[in-house]
Amino acid sequence: MENRIPDQAAPPRSGQRGRRGSVVVGLGLAALATYVGLGVFSLKQSYDREMEFARQTQVNIARTLEDHARSVMDKIDTVLVTTRLRLSEPLTGESLATDKVNTVLAGYLTLIGEAQSLRVADAAGHFIYDASGQLSTATIGDRDYFLRNKEEAEGGLVVSQPIFARITNNWVITLSRRLNGGDGGFAGLVQAAVRAEYFEDFYASLKFGSSRTVTLIDDQLRMVARYPAVSAKLGQPIVSEQLRGIVERREAEGIYTAHSGVDGVERMYVVRRVGAYPLYILTGHATEDILANWRQQVVWSAGSAAILAILLAGWIFVWLRTYTQAERLARGMTEAYQTTVLRTRALLDSLPDPAWLTDREQRLIAVNEAFCRACERSPEDALGRSIDAVWPQPMASVLQALDGKALETQNQQRLDGGYPMPGGRVSYYECIATPVLDEHHHLAGVAGVARDITQIRENQLRIQHLAEHDQLTDLPNRLQLSNRMAQALSRAVHDRVQIAVLFLDLDHFKDINDTLGHEIGDLLLQQVAQRLRASLDERDTISRQGGDEFAVLLQDFGSVSRVAFIAERLLVALGQPIQIGEHELQAGVSIGVSIYPDDGNDIGSLLKNADTAMYQAKAAGGNTYRFFTAEMNTRVSARVALETALRRAIQKNEFLLHYQPQVDARSGEVIGVEALVRWKPPEQGEISPARFIPIAEESNLINPLGEWVLREACRQNAEWIAHGFAPVVVAVNLSAVQLRQPSLAPLVAKVLAETGLDARWLELEITESAFIQDNEHIIETLRALKALGVKLSVDDFGTGYSSLGYLKQLPVDRIKIDQSFVRDLPHDEDDIAITRAVIGIATSLRKEVIAEGVEKDEQRQFLLAEGCVLQQGFHFSRPQPAPVVEAMFSRA
């Protein structure tokens, strides 16, 4: 049999052709449906991301603007309260000259640049004082806010509805507080008016663009101010059921989408209540602008789907017409598919943000142009590799981990942050990784996108910086100072430390403004701000309060006298001439100081009291500083003067040593002396060590003073031994400050070498409280001293908080019984018990014991009977100069 190849293939039967056509049509429709489904799913995710991102941005902007509005209200209310306090006397029966009161009000008005007026009205609604100096004949007796103040017996803050001012003919809201007369009845009010234009100008300065709106409303939905401005709508209520519901429920924050009642534009709105005030911030962003990029994606996706549908329909139509043209049709389909792929790729590349697709092994299988630009690689170099192999670190590891978590959990993952990029720049990205499933719902890989939010973050930081800093000097403003003071007060309460507030006001600044103009005045304020920065530490907060007033928050200053030195440093710095163009200006300053907790326990009290102290400095002629209380001024001035004299005394060697003998109470033989420093300034009598030693320790002058005492005591003892006197031990006291010096042991070794004194004739006394803190370091230092051969003793034993555990660790030779326990011996039962206990402890630990403060023979005899042989006190000798003590020594 012979196999043959037919000359021509048999044509397909009509039934077979029909079934094949149905299959092809079904596959085409399935492919189209799959493509459309994936596109709809992708568009839904993109829509959700755009709306969520817009919502978060609106919330951040609303919170920032709410902070700004609240700080404005707080500042104006502070001035109203201050004004009410200043006017309390004339309102209770006494009278003040109108010009004087107007001048005071004018000074307060400079503190609140947001307000256009500061006035006082009487009980009938007639103005009696005005910061402008011009009293209007208009009456406010019919105004709603006037009637509310009249009824409000508590005198709380009253915020008016938006009103058209009769005097200034512009839209304002007023803040007012009730004034009471001597009988407690209604005597009038003090009010400040805030222009709608102030808020509108501030919102315009933030340059939000035409697609965003900012509206300030009251609790009745009446418009106070708006950006972009619509003057015709001011004072009218906004018609919005969603907004009304949020306000009536008194919600702190609300979000809704609606068409604007002003211009009909649909926007996403975020509502924030302004603190406890009857005001709300309403920020809007046009949904058309929010979804602009998304709608472009919809157009591209619909276009590509339409093209694919047309191509599929055409292919199926042609295939059904003739099977013989299948090859040509397939070729056309291939070309059409390639065209579709190219167009789809063009759509993907049109996305401004890096996008990628990885498989289950986290290898890149598709990237767009934005991805390649961000990592500075070509598509060929990126595909087939992992993200961390092509993307810059450290963001690469973050994206790799994000994709890995999406694969592991099969849930969408997202994060945001700032990351270094090529060229040294830092970009901020919001990254989203979404698991991708195949047609069998099996995990196929991960689709990711990294949205660049750098510009948005910079805008947010810029808005926050503007809200917290003074625009002229770039110093922190009142809001930022309040935040930092709150943090400092929290730390001060926890750590029980002090903080200080300095309130500074330039002397005669108004004269400079009036004669040379505000431009020169502004340049002067900028120079003053620079000198303040240069004169203070980075940990100190410098704030401009408004006008020519500044405030400084000091922390970790050690002692109150240090605050005085800082104030003097600022006086010197600002007292130097300042050259501005051809003008040489002298900017004196008056400084008021308040201290926590002595002068106040809260922010308001500290600022108010520092302000009061500043006015005291002004009254003293200016260019000086004053503490809030006269007692503090006197005490600090004396403390500073004494510290200054002490520094000079160390330089001029105005000190001398007296020596008090330590004796064997049985024989009266001198077995040692204690060196005690004395200070006799040439211009006055002797100053007690109880006064200057604590100051020396606080100011770190104890180190040079202690070194002099150590060297002089060793020199004197070496001289006595050289002159043939029987050697005795000289005891020198060490303070806790000296013990914390890492170089103490080397210093003692150096002094012994220089003076030629044998180490066994030197005893160093430490107080019991010195080793309570950082006792491990103290013990290490004492061991180093002991290694030199010197003796060590614990002074004032029993007055501190040490335990036997501490005492056992200390390498000491001798224990001193404090004179407070010796004073009432042998009559006080408690002192007898304590003295016996100390002697018993010393005996048990094989350490010598010596009692100080022995003034009576009965004390000497009691101590001898208890086993304490070594004694010291006035009973034997007072501290004496070296020549007097020599007479008590015996020759060797």
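Is Cys868 buried or exposed? Cys868 is buried, at 0% relative accessible area. Buried means under 20% relative accessible area, exposed over 50%, and partly exposed in between, with a 1.4 Å probe and protein chains only. Cys431 is buried too, also at 0%.

A word on the model. This is a predicted model, where local features need pLDDT of at least 70, side-chain atom pairs count only at pLDDT 80 or more, and totals for chains, interfaces and linings use all residues. Residues are numbered from 1 along each chain as its sequence is written, and side-chain values use heavy atoms, with hydrogens and water left out.

Still on cysteines: how many disulfides are there? The count is 0, taking a disulfide as a pair of cysteine sulfur atoms within 2.5 Å.

Now the whole chain. It holds 30 helices and 31 strands. These are DSSP runs numbered from the N terminus: helices are H or I with at least four residues, strands are E with at least two. Of the 892 residues, 47% count as buried. Contact means heavy atoms within 4.5 Å. Among contacts with a separation of 6 or more, 59% join residues 24 or more positions apart. The chain exposes about 43,500 Å², and carbon and sulfur atoms supply 51% of that. That area comes from the Shrake-Rupley method with a 1.4 Å probe.

Next, helix 28. It runs over residues 829-844, 16 residues in all. First C-alpha to last, it reaches 22 Å, close to the 22 Å expected at 1.5 Å a residue. The expected span is 1.5 Å times one less than the number of residues.

Which residues of helix 28 are buried? They are Asp831, Ile832, Thr835, Val838, Ile839 and Ala842. Down the axis of helix 28, they fall within an arc of 135 degrees, so they line one face. The arc is taken from the directions from the helix axis to the C-beta atoms. Their packing partners are strand 28, strand 29, helix 27, strand 30 and helix 29. On the other side, Glu829, Asp830 and Ser844 are exposed.

Look at the ends. At the start of helix 28, a side-chain oxygen of Asp828 comes within 2.9 Å of the backbone nitrogen of Asp830. Just after the helix, Arg846 has a positive phi of about 60 degrees.

Last stop, Ile255. It sits in strand 9, residues 253-259. Ile255 is partly exposed, at 36%. Beyond neighbours within four places in sequence, its contacts are Arg55, Val59, Ile246, Met268, Tyr269 and Val270.

Definitions and conventions:
A polar contact is a pair of N or O atoms within 3.5 Å; within protein, one must be able to donate a hydrogen and the other to accept it, and residues adjacent in sequence count only if both atoms are side-chain atoms.
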